[in-house]
Amino acid sequence: MNYLILLAAGKGSRFGANKLLAPFRGRPLWTYGYQVLKAAANAVGGRVKVVSRYPEILAEVPEEGVFSPESENGLSFSVRAGVLSCGELAAGDKLLFLAADMPFLTAETVQKLLKMPLSASEEDGLPLAACAWDGEETGNPVVFSALLREKLLALSGDRGGKAVLRDCPDRVEKILCPKAELTDVDHPSDLTEEEKKG
């Protein structure tokens with residue numbers, strides 16, 4: 001089973017407000033990532049989860065929402081809530097995480113990650129994880145083999161999946177995608193500049 005988890009609980013401290021609810025091209029920022037995950041899940045199979053502590057977001061996804069009030073304490077709490085919401089995992093299951101402030105990511109990139117063969121046992125030599133890569137930096141989204149469940153649950157504070165990737169660098173595959181897709185939103189000006197382009 002593929003589990004596609006949208007992390008939509010961040011503070012947006014650099015933005016100065018809840019950036020996930022900020023309007024961008026006619027709809028809230030967080031909905032772009034959600035629609036991408038829905039499209040990818042429909043194409044290759046999987047369940048979408050939306051981890052949030054904001055009622056405005058959870059009200060829009062009553063069946064897929066995962067309430068995570070502790071997420072205000074750091075990214076690890078959102079990751080943990082997402083993992084736990086998936087219940088018991090089988091060896092071949094995959095967990096894909098996407099930050100909800102990336103409006104330019106495409107469903108095609110997500111599908112490539114989900115189609116990547118990941119390890120179902122420590123002995124098969126396959127990658128344990130795969131991440132998006134623009135040729136210079138790795139970033140969201142990232143997909144993890146179910147074998148890394150306990151490492152994801154062991155994260156603390158504001159540490160996210162990148163800390164898990166660093167623990168197994170020789171077992172991580174990189175999926176090349178356009179740099180623009182990995183652009184995230186940190187400041188209100190990021191949205192206004194893109195509005196002008198669009």
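Visitor: Is D134 buried or exposed?

Guide: This is a predicted model, and the relative accessibility of D134 comes to 17%. The cut-off for buried is under 20%. D134 therefore counts as buried.

Visitor: Which residue forms a salt bridge with D134?

Guide: The closest N and O atoms of the pair are 3.3 Å apart. A salt bridge needs such atoms within 4 Å. The partner of D134 is K179.

Visitor: How many residues apart are K179 and D134?

Guide: K179 sits in the loop between β9 (172-176) and α7 (188-197). D134 sits in the loop between β7 (129-133) and β8 (138-145). The pair links distant parts of the chain, and the separation is 45 residues.

Visitor: Why does K179 count as partly exposed?

Guide: Buried means under 20% relative accessible area, and exposed means over 50%. K179 falls in between because its relative accessible area is 48%.

Visitor: Which residue meets the side chain of K19 in a salt bridge?

Guide: K19 lies in the loop between β1 (2-7) and β2 (23-24). Its partner lies 82 residues apart, in the loop between β6 (94-99) and α4 (107-115). At 2.8 Å from N to O, the partner is D101.

How values were computed
Residues numbered from 1 in each chain as written. Predicted model: local features only at pLDDT ≥ 70, side-chain atom pairs only at ≥ 80, totals over all residues. Heavy atoms only, no water. Helix = DSSP H or I, 4+ residues; strand = E, 2+ residues; numbered from the N terminus. Buried < 20%, exposed > 50% of the residue type's maximum accessible area, 1.4 Å probe, protein only.
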